[in-house]
Amino acid sequence: MEPGDASVNRPPRSDLAEHWLLSNETCFLNHGSFGATPIAVLEEQSRLRETMESDPVRFFEREYIPRMNSSIGKLAEFMNADPDGMTFVKNTTEGVNTVLRSLVLKPGDEIIVTNHSYQACWNAVDFVTERSGAKTVVVEIPFRVESENEIVELMMGAVTERTALAMVDTVTSATGLRMPFERLVRELQTSGVDVLLDAAHGPGIVPLDLRNLDAAYCTGNCHKWLCTPKGSAFLHIRSDLKRAVRPLSISHGASFEGTDQERFEFEFGWPGTQDPTPWLCIPLAIDFLGGLVEGGWPEIMERNRSLALKGRKILCDALGATEPVPESMVSSIASVEMPGEGEVGPMSMEGDPYHNYLLDEFGIQVPVFPWRHHGRRYIRISAQLYNSVEEYEFLAECLEQSM
């Protein structure tokens, strides 16, 4: 097999791949970045758009709110959440910004993040702390850890009497680490620190029980592991904090005369004209994917996790690396250090050169990126129902040939 050879045979996907539109020219190991929407869900979105465009005024005046409430109810049931505290946003970054921009911070207040945090959300924390004279406290957690106790101890060691909030990931984006978020939420909030749970990799990749977690705030994407259309995410706010959180777009709901709950729903549900169909596809996506595998969503999460662990071992063997974290700290994505030392530059919109090389020469879509906070470059694989173990073996073969 020569790089750039048009005759390269891509490895087979799983039998379930027929439900997706993924190109046969690509070995797609990057579900974690933007998800991938099944054909049946895309067809539902098209049907909803046709309904909307057949009479847009009627749709928004009479159908939009009931349909949205139905979607909220379905998602709330899926995550055992309070539907009255849930609303929709376009992505987790918007949800994080909504919470942070609603906080009233004083000079000297502190917000805790980790050096595994998603950079966009970390940037939002820096924005509000710099503007208010508060401080971003970065907890330095190594990439390689031996147990979740290390993470909990480091996080709790950063709490002071000035800590106003801690941002905690369910699963970290760059480093693919399943955080002990259940313990962290409990121990931080027992210490009097509200938690903003970044569940960008949340619904459909790890079990979420929001009533039992009782985090102050939780926001997460549906367009990743629930496979809804792009621009579909949620924000869940604990009941005692709802009055203090306002949407980023102040619109008609600000002057709405009704109950507190009605105002909450209107303020967040009507930010201005937009396409709501990604949100309205949530019920079908949950049911459709859940019906693809006997055992439903618990089995989907375990199946994907098992495949990610197999893929991680294959990847480590190809790179001459050891597995960086225990299996219990892996979900459906996993990262491994790329070999080599030297200065690690910033991320760029053009992508890492080796990421581009794997895509252009072998048709492999897998993220390789610099992580300056650790001074390393990582390669990250994802596992979704359409993937097969042969795809990770193909990646390993290409890595061994080109490194």
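The following exercises, with worked solutions, concern a predicted model.

**Exercise 1.** Determine which strands pair with strand 8 and how its two faces are covered.

*Solution.* Step 1: strand 8 spans residues 233–237, and five of its five residues are buried, where buried denotes under 20% relative accessible area. Step 2: in a regular strand, side chains alternate between the two faces of the sheet. Step 3: one side of strand 8 carries Ala233, Leu235 and Ile237, the other Phe234 and His236, and both faces are covered. Step 4: strand 2 runs antiparallel to strand 8 and is joined to it by four bridges; phenylalanine 88 has phenylalanine 234 as its bridge partner. Step 5: strand 7 (residues 217–221) is also antiparallel to strand 8, with five bridges, and cysteine 218 is partnered with histidine 236.

**Exercise 2.** Identify the residues that touch the most other members of the largest nonpolar core, and trace the contacts of leucine 358.

*Solution.* Step 1: the core holds 100 residues, of which Leu75, Leu358, Ile364, Ile379 and Leu395 touch the most other members. Step 2: helix 12 supplies the largest share, eleven residues. Step 3: beyond neighbours within four places in sequence, leucine 358 contacts Gly363, Ile364, Val366, Val368, Ile379, Leu395 and Leu399. Step 4: another core, of 25 residues, lies apart and includes Ala134, Leu196, Tyr217 and Ala233.

**Exercise 3.** Describe the second largest pocket by volume and lining.

*Solution.* Step 1: the space in this pocket is about 290 Å³. Step 2: among its 14 lining residues, Lys242, Arg243, Asp260, Arg263 and Phe264 are the closest to the centre. Step 3: by class, the lining comprises six charged, four polar and four nonpolar residues.

Technical notes. Residues numbered from 1 in each chain as written. Predicted model: local features only at pLDDT ≥ 70, side-chain atom pairs only at ≥ 80, totals over all residues. Heavy atoms only, no water. 1 Å grid on protein atoms, 1.4 Å probe; cavity = no way out; pocket = protein on both sides within 12 Å on 5 of 7 lines; lining within 4 Å. Points joined across faces, edges and corners; volume = space filled by probe spheres on them. Nonpolar A, V, L, I, M, F, W, Y, C, P; charged D, E, K, R; others polar. Core = buried A, V, L, I, M, F, W, Y, C linked by side-chain atoms within 4.5 Å. Buried < 20%, exposed > 50% of the residue type's maximum accessible area, 1.4 Å probe, protein only. Contact = heavy atoms within 4.5 Å. Pairing = 2+ DSSP bridges.
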